[in-house]
Every structure is written in structure tokens, then in C-alpha cells.
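Biologist: Let us go through some labels and the rules behind them. Please show me the model.

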Amino acid sequence: MQCETSISQRRACSLVGISRAAFHYQSSRQSVDAGLSERIQTLANERRRFGYRRVHQLLRREGVTVNHKKVYRLYREANLAVPKRKRRKGIAIERQPLVQPEGPNRTWSMDFVMDAMACGRRLKCLTVVDDYTKECLDIAVARGISGDEVTRILDAVAAFRGYPEAVRTDQGPEFTGKALDQWASDNRIELKLIQAGKPTQNGFIESFNGRFRDECLNEHWFRNLSHARDIISDWRRDYNEQRPHSSLGYQTPLEFATQYRTGQSRPKTWDITK
């Protein structure tokens with residue numbers, strides 16, 4: 001109004017209906033809110049999975065007296081809401097009974113077993129077992145194993161043993177990706193996926209993994225990746241060649257497999273999960 005006319009400030013305030021004191025008033029709230037908002041953003045960036053309630057508690061620990069509603073408002077204005085992690089949906093499949101194969105190389109089972117080295121770095125082991133002879137075909141040890149690496153490991157096993165008719169796995173991302181699916185299609189191998197969250201449907205490999213963890217992983221302290229591979233390789237050899245297996249009539253897996261392959265009378269199997 002003053003810009004367009006020559007009236008005084010007093011007259012303009014009178015016409016508008018406000019006092020001159022109100023016209024000159026400057027709120028300190030914006031500067032306070034700006035500082036508080038900046039601190040909220042700092043805490044949220046340091047603790048990226050914390051919501052506004054935990055941020056409010058951190059502010060209270062720092063001695064900041066502020067209502068949680070105000071923290072919520074500033075939190076939302078800064079667009080700091082924690083995104084919800086999407087739960088990976090399992091593949092809807094029909095349950096298949098766990099049946100003992102009729103011979104070697106009919107069905108392999110595989111799974112991952114996790115451990116750690118002395119330095120705290122992760123150790124990932126891919127275990128592969130023949131469901132009939134109970135032989136441990138391979139235990140690949142690395143810090144990480146992708147779907148492509150899984151196919152290369154299986155090709156290496158098949159190079160001296162031949163490809164199986166089927167491979168049973170859980171619904172881990174390495175097993176449900178394109179790499180293993182394409183590998184199975186190229187080699188005419190059936191992939192048997194168990195239902196999500198049902199490890200008992202892959203009982204053969206779960207039983208082996210229990211022995212592997214109890215008798216090997218829990219008994220050794222791995223200095224580094226090379227040391228872990230040496231120890232695990234020795235244990236796998238001992239498992240196949242020296243360790244009596246209760247479900248094979250206390251024969252070793254190698255003895256049981258040799259008896260089958262030499263054409264002797266078909267070996268008898270007992271409890272298939274021990």
C-alpha cells in the first residue's frame with residue numbers, strides 16, 4: 001500500500017487494521033525450528049533406520065526440550081520417513097515329498113552355510129550333497145557366491161561325476177535367479193524348489209549342514225580364507241572316506257557308493273536324515 005501510494009505507515013496500518021507493533025514483529029520461531037530441523041536431519045542421517053520417535057528420544061538425551069509432535073512435523077517436512085523394506089515374496093509352488101532317490105546322481109541337494117573368520121569377515125559355504133550316497137560332492141568356500149558362481153561350481157562337480165537328473169534347493173536369491181534356471185534348462189535338469197520357510201522339505205542337506213557346522217565350523221577358528229578352505233577341504237575328505245554314516249548302515253559314503261557302482265547287491269539304507 002505504501003509502495004503504490006504516498007500514505008504513511010501509521011495510516012496504512014490503521015486502514016489494514018493492525019498495530020505498528022504487530023507489523024514490525026519478527027518471530028524467532030523460524031530460526032529455532034531451522035536449528036532443530038537441522039539437528040533432526042543430522043540424527044536421521046546418522047541413524048538411517050530410526051523413526052521420528054527414536055530421534056525425539058535422542059534429542060531429549062541431548063537436553064533439548066521439544067514436543068514429539070513438533071519433531072514429527074519437522075521430520076516429515078524434511079522427508080525423512082524411513083522406507084519400509086519390502087519382504088521378498090516366495091515362489092508359490094506345490095509341496096513335494098522328500099523321497100529317497102533310487103540311485104546315485106539322481107538328485108543333488110545344495111544350500112548355503114554361513115560362518116565368519118577371525119577378522120569378523122563373512123564366510124559363505126555352498127554345500128552340495130548326493131541324496132542317495134550321502135557323498136559331499138563339494139563345499140565351495142568364499143566371501144560371497146553369486147548365482148553365476150553357483151552354476152560354475154556345479155559344472156566343475158559334473159565334470160568328473162556327470163550331471164544329475166534333479167537339484168533340490170531352497171528359495172534363496174542365488175537359486176531362483178536367471179543363472180541357475182538357464183543352467184538347468186541347458187543341461188535338462190529339474191530344479192526342485194522347496195516351499196519358502198520349510199527347511200524340512202530339504203532334509204538331506206539340512207542334516208548334512210548340521211554335521212558340517214557341529215564337527216567342522218564350530219571346532220575351528222579360521223585365520224583367513226585360505227586357511228578356511230584347507231580345513232574344510234580336509235573335513236570333507238574325512239566325511240566321505242572315514243566318517244561312518246548311520247543311514248548307510250555305518251558305512252562311509254565312499255564305501256556305500258563303491259559298493260553300488262561295482263554291481264554288488266544293492267546296499268540297504270536306514271534312517272535317511274541322519
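What follows is a short exchange on a helix pair and some salt bridges.

Modeller: This is a predicted model, in which local features need pLDDT of at least 70, side-chain atom pairs count only at pLDDT 80 or more, and totals for chains, interfaces and linings use all residues. Residues are numbered from 1 along each chain as its sequence is written, and side-chain values use heavy atoms, with hydrogens and water left out.

Biologist: Why is α4 called oblique to α5?

Modeller: The axes of α4 (residues 52–61) and α5 (residues 68–77) cross at roughly 120° and come within 9 Å. Angles under 35 degrees count as roughly parallel, over 145 as roughly antiparallel, 65 to 115 as roughly perpendicular, and the rest as oblique. Therefore α4 is oblique to α5.

Biologist: Which residues in α4 and α5 meet?

Modeller: Y52, V55, H56 and L59 in α4 meet H68, V71, Y72 and Y75 in α5. Contact means heavy atoms within 4.5 Å. By class, this contact has six nonpolar, two polar and no charged residues. Ala, Val, Leu, Ile, Met, Phe, Trp, Tyr, Cys and Pro count as nonpolar, Asp, Glu, Lys and Arg as charged, and the others, Gly among them, as polar.

Biologist: What makes K124 and E174 a salt bridge?

Modeller: The rule asks for a side-chain nitrogen of Lys or Arg within 4 Å of a carboxyl oxygen of Asp or Glu. For K124 and E174, the closest N and O atoms are 2.6 Å apart, so the pair meets the rule. The pair links distant parts of the chain: K124 sits in strand β2 (residues 122–130) and E174 in helix α7 (residues 173–176), 50 residues apart.

Biologist: Why does K124 count as buried?

Modeller: Buried means under 20% relative accessible area, exposed over 50%, and partly exposed in between (1.4 Å probe, protein chains only). K124 has 7% relative accessibility, so K124 counts as buried. E174 has 15%, so E174 is buried.

Biologist: How many salt bridges does this rule give?

Modeller: The count comes to 13. One of them joins E135 and R261, with the closest N and O atoms 3.3 Å apart. E135 lies in the loop between β2 and β3 (136–142), and R261 in helix α11 (residues 253–261), 126 residues apart.

Biologist: Why is R261 called partly exposed?

Modeller: R261 has a relative accessible area of 46%, so R261 is partly exposed. E135 has 9%, so E135 is buried. Elsewhere, salt bridges that share partners join D33, K70, R73 and E77 into one network.

Terms used
Axes are lines fitted to C-alpha atoms, for helices over the stretch in contact, and angles run from 0 to 180 degrees between N-to-C directions. Helices (H or I, at least four residues) and strands (E, at least two) are DSSP runs, numbered from the N terminus.
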